[in-house]
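Dear colleague,

I am handing over the structure we spoke about, and it is placed directly below.

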Amino acid sequence: MKRLFLCLLMLCAVPATAPAQAIRLDKLKVEVKRIEVDGQRMYEVDASGSVQAPPASVWKTLTTYERMSEFVPDLSSCRVLSRNGNEVIIEQQGMARFLFMNHPIHLVVRATETPLTAIDIALISGDMRHYESRWNLSPVPETGGTRIVFSSRLMPGFYVPGMLGTTMIRGDIERMMAAVLTRIDSQYAEKAG
C-alpha cells in the first residue's frame, strides 16, 4: 500500500538485491504513527536516509518516474500523464500486501517539483481518502552526498486492520526507501567507477 505511495516519487531502473536492501535498512530511520486530523484518523510517516550521490544525481533518479516500477517493490506501473513546467501528473498501479491481505492500488497524483531540493505530491484520485507527501533533498558537505527525507500523511480508501496498519506501512516504507537508496547508490557507483 505505501510502496505505491512512496513510489510516487522514486526512481529508475533495476531492482535492488535483498542483501543490498538489508544493508540499507541499518542506515534508515522510519517512523509511522496514527494521528487525528479534523476528526479523521490517518497515518503520518517520517523517513530519512543518506546516499553518497550528490543532489543532482538523486534528483534525476527521483524524477525519472517512468522507471520506478523497475525496482520499487509492488509497484507494477508508473507513467507520466502530463507535464506542465514544474507540475507533473503521474498514474501509478501496484499492490498492497500484508500477511493474508492483497489489495490492488491505483493512484493519480500531482507532483510539484522544486528542482534539486523538493518534490511535493498531492492526491488527485485513487484508492486513498487522503494522500500527501514530500521528498526533501539536502546536500551533505562533509561527504558530498545527499540526505533524503520522505514525509507523508495518508488515509487509505479501503479497510486497514487497526494498529496493524502502522506496522504494515512502516514495513512498506522501509522496503521502498531501501530500494530507493540502494538504486541511487548503485547508479552513482556505476558512474563514478
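To begin with the strands, a hairpin joins β6 to β7 through one residue; helices (H or I, at least four residues) and strands (E, at least two) are DSSP runs, numbered from the N terminus. Please keep in mind that this is a predicted model, in which local features need pLDDT of at least 70 and side-chain atom pairs count only at pLDDT 80 or more, while totals for chains, interfaces and linings use all residues. Residues are numbered from 1 along each chain as its sequence is written, and side-chain values use heavy atoms, with hydrogens and water left out.

**Strand pairing**

Strand β6 (residues 118–126) and strand β7 (residues 128–140) are paired in the antiparallel sense over five bridges, where two strands count as paired if DSSP finds at least two bridges between them. Within this pairing, Ala-118 stands opposite Asn-136 in β7. On to the next strand, β7 and β8 also pair in the antiparallel sense, over twelve bridges, and here His-130 stands opposite Met-155 in β8. The hairpin of β7 and β8 has four residues between the strands, and in it Gly-144 takes a positive phi near 80°.

Leu-137 has its place in strand β7 and, at 6% relative accessibility, counts as buried (buried means under 20% relative accessible area, exposed over 50%, and partly exposed in between, with a 1.4 Å probe and protein chains only). If neighbours within four places in sequence are left aside, Leu-137 is in contact (heavy atoms within 4.5 Å) with Pro-55, Val-58, Trp-59, Leu-62, Leu-116, Thr-117, Thr-146, Arg-147 and Ile-148. The C-alpha atoms of Leu-137 and Ala-56 are separated by 9.5 Å, although these residues are 81 residues apart along the chain.

**Salt bridges**

Side chains of opposite charge can pair when their charged atoms come close. Taking a salt bridge as a side-chain nitrogen of Lys or Arg within 4 Å of a carboxyl oxygen of Asp or Glu, the count comes to nine salt bridges.

One of them joins Glu-44 and Lys-33, whose closest N and O atoms are 3.7 Å apart. Glu-44 lies in strand β2 (residues 40–51) and Lys-33 in strand β1 (residues 29–37), so this pair ties together parts that are eleven residues apart in sequence. Glu-44 counts as buried at 16% relative accessibility, whereas Lys-33 is partly exposed at 47%. Lys-33 and Glu-44 are also linked with Arg-153 in a network of salt bridges.

Another salt bridge is formed by the side chains of Arg-79 and Glu-91, at 2.7 Å from N to O. With Arg-79 in strand β3 (residues 75–84) and Glu-91 in strand β4 (residues 87–98), the pair ties together parts that are twelve residues apart in sequence. Arg-79 is partly exposed at 48% relative accessibility, while Glu-91 is buried at 13%.

A salt bridge within a helix is that of Asp-172 and Arg-175 (2.6 Å, N to O); both residues lie in helix α4 (residues 164–192), three residues apart, about one turn of the helix. Asp-172 is buried, with a relative accessible area of 0%, and Arg-175 is partly exposed, with 34%.

**The largest pocket**

The largest pocket has a volume of about 180 Å³. On a 1 Å grid over the protein atoms alone, a pocket is an open set of points where a 1.4 Å probe fits, with protein on both sides within 12 Å along at least five of seven lines, and lining residues have an atom within 4 Å of a point. Grid points are joined across faces, edges and corners, and the volume is the space filled by probe spheres set on the points. Twelve residues line the largest pocket, and the closest to its centre are Arg-34, Arg-41, Tyr-43, Arg-129 and Met-155. The elements that give two or more residues to this lining are β2 and β8 (145–156), and β2 gives the most, with four residues.

**Two positive phi angles**

Most residues other than glycine have a negative phi, and most peptide bonds are trans. Asp-74, although not a glycine, has a positive phi of about 65°; Asp-74 lies in the loop between α3 (55–62) and β3 and is partly exposed, with a relative accessible area of 26%. Leu-116, likewise not a glycine, has a positive phi of about 70°; the place of Leu-116 is in the loop between β5 (101–114) and β6, and at 40% relative accessibility Leu-116 counts as partly exposed.

With best regards
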